[in-house]
Amino acid sequence: MEKILFFSENDAEPIDLDIWLEGKTEVLQPIVRQWYEAIAHCGPDVQLIFHDGHPIGCIENAPFAYVNAYKAHVNLGFFYGAFLPDEDGLLEGTGKRMRHVKLRPDKEPDQHSLQTLLSLAYADIKERLWAV
């Protein structure tokens, strides 16, 4: 199993989501908020932090998912996405571990498939932590 990334307390940035969202494209704000809240509701042990200027969901300081807004799309990302089953072919990226899904305001995503990926990412990080 891959080595787990852990963030320290010093890695978390004191950023307020509402203030951060004000600086993002207005049409993307509801998409970010929806998936930020979905990450938060994965389980009672989820910690939400900002690192490198975007929101990240962690368990015991180990990240599993993030959301970030760009100029014309939002990324819903998974720190160990390369290891997740992706039956619908939603995940993009070629990195060793990370994958993301691009969400665009003019294209309705498959909510069920995205929520499934998020749930799988949450279960995956819990399993990784349990194996340590």
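**Note on the predicted model: helix packing, core and selected residues**

1. H2 passes H3 in a right-handed crossing, where right-handed means that the near helix is turned clockwise from the far one by less than a right angle, and left-handed that it is turned anticlockwise. Helices (H or I, at least four residues) and strands (E, at least two) are DSSP runs, numbered from the N terminus. Helix H2 covers residues 29-40, and its axis lies 10 Å from that of H3, at an angle of about 40°. That makes H2 oblique to H3. Oblique is what remains once angles under 35 degrees (roughly parallel), over 145 (roughly antiparallel) and 65 to 115 (roughly perpendicular) are set aside. Axes are lines fitted to C-alpha atoms, for helices over the stretch in contact, and angles run from 0 to 180 degrees between N-to-C directions.

2. Basis of the note. The model is predicted, so local features need pLDDT of at least 70 and side-chain atom pairs count only at pLDDT 80 or more, while totals for chains, interfaces and linings use all residues. Residues are numbered from 1 along each chain as its sequence is written, and side-chain values use heavy atoms, with hydrogens and water left out.

3. The residues between the two helices. On the H2 side, Gln34, Trp35, Ala38 and Ile39 meet Gln111, Leu114, Gln115 and Leu118 of H3, contact meaning heavy atoms within 4.5 Å. By class, the contact of H2 with H3 has 5 nonpolar, 3 polar and no charged residues. Here Ala, Val, Leu, Ile, Met, Phe, Trp, Tyr, Cys and Pro count as nonpolar, Asp, Glu, Lys and Arg as charged, and the others, Gly among them, as polar.

4. The core. The largest nonpolar core has 41 residues, and those with the most contacts inside it are Trp35, Phe64, Val74, Phe78, Leu103, Leu118 and Ile125. Such a core is a set of buried Ala, Val, Leu, Ile, Met, Phe, Trp, Tyr and Cys residues joined through side-chain atoms within 4.5 Å. Buried means under 20% relative accessible area, exposed over 50%, and partly exposed in between (1.4 Å probe, protein chains only). The elements that each supply at least two residues of this core include helix H1 (17-22), H2, strand S1 (46-51), strand S4 (74-78) and H3. H3 gives the largest share of this core, 7 residues. In soluble globular proteins, nonpolar side chains tend to be buried together.

5. Ile125 touches Ile4, Ile59, Ala62, Pro63, Phe64 and Tyr80, not counting residues up to four places away in sequence. Asp124 is found in helix H3, residues 111-131. Asp124 is buried, with a relative accessible area of 14%. Leaving aside neighbours within four places in sequence, Asp124 is in contact with Tyr80 and Leu84.

6. Leu76. This residue is found in strand S4 and, at 0% relative accessibility, counts as buried. Beyond neighbours within four places in sequence, the contacts of Leu76 include Trp35, Ile39, Tyr66, Val101, Leu103 and Leu114. Leu91 is 15 residues away from Leu76 along the chain, and their C-alpha atoms are separated by 9.4 Å.

7. Two histidines in loops. His41 is in the loop between H2 and S1 and is exposed, with a relative accessible area of 67%. His73 is in the loop between S3 and S4, but at 13% relative accessibility His73 counts as buried. Not counting residues up to four places away in sequence, His73 touches Leu28, Asn68, Lys102, Leu103 and Arg104. The C-alpha atoms of His73 and Ala123, 50 residues apart along the chain, are separated by 26 Å.

8. Positive phi values. Most residues other than glycine have a negative phi. Asp52 is not a glycine, yet has a positive phi of about 55°; Asp52 is in the loop between S1 and S2 and counts as exposed at 59% relative accessibility. Glu60, also not a glycine, has a positive phi of about 50°. Glu60 is in the loop between S2 and S3 and is exposed, with a relative accessible area of 55%.
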